[in-house]
Amino acid sequence: YKRQGMFIWCKILNGSIKSEDFVDHLLDKYNFFISPGSIFGSQGEGYVRISLCTETKKINEVFRKNNKK
């Protein structure tokens, strides 16, 4: 039995923050976890990976809150 997942890779805009710091910010402020690209190797820095198993409603809520600033 094989398990599979689907993910979206997203570039962090303007590159002013490391992927791990960005993920920590989302977790601390919004209780929302995504994977920092850096854990997948040096080419992943500057990106994050979002699981498509996350409810769209939750993803949109986090983006809405973050864009209000």
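The following dialogue examines a predicted model of a single chain.

Student: In what order do the elements of the chain run from the N terminus on?

Tutor: The chain holds two helices and three strands. Read from the N terminus on, these elements follow the order β-α-β-β-α.

Student: Which residue is the bridge partner of Trp9 in β3?

Tutor: Trp9 lies in strand β1, which covers residues 7-11. Strands β1 and β3 pair in the antiparallel sense over five bridges. Strand β3 covers residues 47-51, and the bridge partner of Trp9 there is Arg49.

Student: Does Trp9 count as buried, partly exposed or exposed, and why?

Tutor: The relative accessibility of Trp9 is 43%. Buried means under 20% and exposed means over 50%, with partly exposed in between. Because of its value of 43%, Trp9 counts as partly exposed.

Student: What is the area of the nonpolar surface patch that includes Trp9?

Tutor: Trp9 makes this patch together with Phe7, Ile39 and Phe40. The area of the nonpolar surface patch is about 420 Å².

Student: Which side chain of opposite charge is nearest to Arg49, and how far away is it?

Tutor: Arg49 is buried and has no salt bridge. A salt bridge would require a separation within 4 Å between a side-chain nitrogen and a carboxyl oxygen. The nearest side chain of opposite charge is that of Glu20, at 13 Å.

Student: With which residues is Arg49 in contact, leaving aside its neighbours within four places in sequence?

Tutor: Arg49 is placed in strand β3, and its bridge partner Trp9 is among its contacts. Leaving aside neighbours within four places in sequence, the contacts of Arg49 are Phe7, Ile8, Trp9, Ile34, Ser35 and Phe40.

Student: Among contacts between residues at least 6 apart in sequence, what percentage joins residues at least 24 apart?

Tutor: The chain has 69 residues. Among its contacts between residues at least 6 apart in sequence, the share that joins residues at least 24 apart is 57%.

Student: What percentage of the accessible surface of the chain belongs to carbon and sulfur atoms?

Tutor: Of the 69 residues, 26% count as buried. The C-alpha trace spans about 45 × 30 × 20 Å along its principal axes. The accessible surface comes to about 5,600 Å², and the part belonging to carbon and sulfur atoms is 52%.

Definitions and conventions. Residues numbered from 1 in each chain as written. Predicted model: local features only at pLDDT ≥ 70, side-chain atom pairs only at ≥ 80, totals over all residues. Heavy atoms only, no water. Patch = residues over 30% accessible without salt bridge, like charges linked within 9 Å, V, L, I, M, F, W, Y side chains within 5 Å. Areas by Shrake-Rupley, 256 points an atom, 1.4 Å probe, with all protein chains shown as cover. Helix = DSSP H or I, 4+ residues; strand = E, 2+ residues; numbered from the N terminus. Buried < 20%, exposed > 50% of the residue type's maximum accessible area, 1.4 Å probe, protein only. Lys, Arg positive; Asp, Glu negative; His and termini not counted. Contact = heavy atoms within 4.5 Å. Pairing = 2+ DSSP bridges.
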